[in-house]
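Open the model in your viewer and keep the selection panel handy.

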Amino acid sequence: MTKAHRPASVLGMNVIQADPTGETERHAAIHAATLTLDTHVDIPWPDTPDPAGPTTRRVDFAKMQAGGLKSVVFIAFVPQGPLTAEGHAKAGARAEAMLRAIAATEGDAPLRRRVCTTPDQLESCTAAGDLAILLGVENGYAMGEDLGRLALWRRLGAIYLTVTHDGHNALSDAARPRRDLGDAEILHGGLSALGRAAIQEMNRVGLIVDVSHVARSAMLQAAELSRTPIVATHACCRSLRDHPRNLDDVQLDALRDVGGLIQITAVGGFLRAPQPDGASAATLADYVDHVDYAVRRIGIDHVGLSSDFDGGGGVPGWEDASMTGAVSAELLRRGYGPRELALLWSGNFLRVWRATLRAAR
């Protein structure tokens, strides 16, 4: 791969430029033939515009079709709250309401889209030309102390659980404690005993273990404990941007060693230090720099792509789902081929997902 940065592609943008070499058309054809999967997209809640119609969301079904984004994991996100029975009950009810609301967006008009709960369903759905809806839960706070919720979420269609968000929960320390909730720097020293039991139960019911947001100690413990590969569904590389949400080289190596993945995400603050006024300085080139770094460090089989759209993600060049082709174009310009592009967009994640389901019992 070459590190030369060239102008971002116009794929997915309403821009016309001369292309005497046919590069844009070649890149568009490769992108169109690739099973594209964005592994982390939030939804507004509780006021959630219908993604089947025109919206101001960064991801809706029309934008997915325009950008050649074939599948998305929509997230039932629960913010951290007090570690009380009442707080846990409210969080669990919210997560389950969100999962049901996401699943209810399946339909036929104006675009066909289907909820997929296995890799085979996803591949069949996209092969038929339909958009694929996948579901995930972000923040084990919603589980409270009830391990039974994990099986329920799987039955409702969830394919992964992000163990924490910002703030320590009953399962694990978080990478970013919530001082406003009274968090000390460390609560459990990584995973709690309940958190260890939760990972074992996730393995049993077939939920992918997502270690985005968790403390470094907890991430490394999860890698050692889980019977299935773990994934950071939305994170970046700490060697390029020193941020508590990013993974350092030891963590990246741990992902590789257990067959896991880092899904590089398009959150500007994770990609590059902000400008003096606090505004994001990150671009699509910075995003692909993080992809390049992770691939060089741990190999193409352990890296993937995500946006965190509608949850803080989006950079110039990839501002919503309609511009997804620009990501493929930048990767192709840097020397990735169709095989590598397919691995980054979905192949690696599908491998981990299949391993997770095989291990379930």
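With which residue does D253 form a salt bridge? Select D253 and R256: these two form the salt bridge, and their closest N and O atoms are 3.5 Å apart. A salt bridge here is a side-chain nitrogen of Lys or Arg within 4 Å of a carboxyl oxygen of Asp or Glu.

Before you go on, note that this is a predicted model, in which local features need pLDDT of at least 70 and side-chain atom pairs count only at pLDDT 80 or more, while totals for chains, interfaces and linings use all residues. Residues are numbered from 1 along each chain as its sequence is written, and side-chain values use heavy atoms, with hydrogens and water left out.

**Stop 1: helix 8**

Select residues 249-257, which make up helix 8. Helices (H or I, at least four residues) and strands (E, at least two) are DSSP runs, numbered from the N terminus. D253 and R256 are three residues apart in helix 8, so about one helical turn separates them. An α-helix has 3.6 residues a turn, so residues three or four places apart point the same way. D253 is buried, at 15% relative accessible area, whereas R256 is partly exposed, at 31%. Buried means under 20% relative accessible area, exposed over 50%, and partly exposed in between (1.4 Å probe, protein chains only).

**Stop 2**

Select R272 and D286, another salt bridge, with the closest N and O atoms 3.4 Å apart. This pair links distant parts of the chain, 14 residues apart: R272 is in the loop between helix 9 (268-271) and helix 10, and D286 is in helix 10. R272 is partly exposed at 40% relative accessibility, while D286 is buried at 12%.

Next, show the side chains of R114 and D108, which meet in a salt bridge (2.5 Å, N to O). R114 is partly exposed, with a relative accessible area of 23%, and D108 is also partly exposed, at 48%. A search of the whole structure finds 24 salt bridges.

**Stop 3: helix 11**

Select residues 325-333. Why is helix 11 largely enclosed by the rest of the structure? Nine of its nine residues are buried, so the rest of the structure largely encloses helix 11. To see what covers these buried residues, colour helix 1 (23-32), helix 2 (61-67), helix 10 (284-298), strand 9 (303-305) and helix 12 (338-359), which are among the covering elements. After helix 11 comes G335, whose phi is positive, near 110°.

**Stop 4: helix 5**

Move to residues 148-155, helix 5, where R149, L150, A151, W153 and R154 are buried. These buried residues pack against helix 3 (85-103), strand 4 (131-138), strand 5 (158-162), helix 6 (193-205) and helix 12, where contact means heavy atoms within 4.5 Å. Helix 5 is followed by G157, with a positive phi near 110°.
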